[in-house]
Amino acid sequence: MEDLNHVLIMGRLTNDATMGNVANISKLDFCVAYNTTKKNGNNYEDEVNFLNLSLWGKIAESLEKRMLKGVQVIVEGHLKQNRWTNQEGKQQSKLEVIVDKIKVISSGSSKKNVENNGNDASMYEDASFPF
């Protein structure tokens, strides 16, 4: 039986996304901030959390110009832990979300001009992930 590995998150991009290329596949990396509420005595306080995400393939290329600081997104995906050894020989690890589906909810506060084409509420899916 396979374990459950499913992430559903809504938040805002903390910076403009950065495009890269791994084995000739486009990879768009971005960070999303989202709030949780925790109880502190008799009061409830908001706590900001940050999550690193990666979007792969053609959909990464098509969304690159829209993935700007402040843009609100809903993301569905799965967790992946990357492990490596740094130059000092120390083991390193990073947990990220690999995006399976993404929905752009609103435009961000970036000063860049982004062409909308009326697709703000579109759900994008891409099955060409390299994993």
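These are my notebook entries on a predicted model of one protein chain.

**Entry 1. Ground rules.** I number residues from 1 along each chain as its sequence is written. In this predicted model, local features need pLDDT of at least 70 and side-chain atom pairs count only at pLDDT 80 or more, while totals for chains, interfaces and linings use all residues; side-chain values use heavy atoms, with hydrogens and water left out.

**Entry 2. Overall layout.** The order from the N terminus is β-β-β-β-α-β-β-β. Of the 131 residues in the chain, 31% are buried. I take buried as under 20% relative accessible area, exposed as over 50%, and partly exposed as in between (1.4 Å probe, protein chains only). Among contacts with a separation of 6 or more, 59% link residues 24 or more positions apart; a contact is heavy atoms within 4.5 Å.

**Entry 3. Strand pairing around S6.** I count two strands as paired if DSSP finds at least two bridges between them. Strand S5 (residues 72-85) and S6 run antiparallel and are joined by 14 bridges. In that pairing, Val75 stands opposite Ile102 in S6. The hairpin of S5 and S6 has five residues between the strands, and Gly89 in it takes a positive phi near 85°. I then checked strand S4 (residues 43-56), which runs parallel to strand S6 (residues 91-106) with two bridges joining them. Leu53 has Val97 in S6 as its bridge partner.

**Entry 4. Nonpolar core.** I looked for sets of buried Ala, Val, Leu, Ile, Met, Phe, Trp, Tyr and Cys residues joined through side-chain atoms within 4.5 Å, each set being a nonpolar core. The largest has 22 residues, and Phe30, Leu53, Leu55, Met67, Val73 and Ile102 touch the most other members. At least two residues each come from strand S1 (7-13), strand S3 (25-40), S4, helix H1 (58-63), S5 and S6. S6 gives the most, with four residues. I listed the neighbours of Leu55, leaving out residues up to four places away in sequence: Ser26, Lys27, Leu28, Phe30, Ala60, Leu63, Val99 and Ile102. As background, nonpolar side chains tend to be buried together in soluble globular proteins.

**Entry 5. Salt bridges.** I found two salt bridges in the structure, taking one as a side-chain nitrogen of Lys or Arg within 4 Å of a carboxyl oxygen of Asp or Glu. Lys27 forms one with Asp29, with the closest N and O atoms 3.5 Å apart. Lys27 is buried at a relative accessible area of 16%, and Asp29 is partly exposed at 27%. Glu47 forms a salt bridge with Lys38, with the closest N and O atoms 3.3 Å apart. Glu47 is partly exposed at 31% relative accessibility, and Lys38 is partly exposed at 40%.

Entry 6. Most residues other than glycine have a negative phi. I noted Ala23, with a positive phi near 50°, and Asn24, with a positive phi of about 65°. Ala23 lies in the loop between strand S2 (18-22) and S3, and Asn24 lies in the loop between S2 and S3. Ala23 is exposed at 70% relative accessibility, and Asn24 is exposed with a relative accessible area of 76%.
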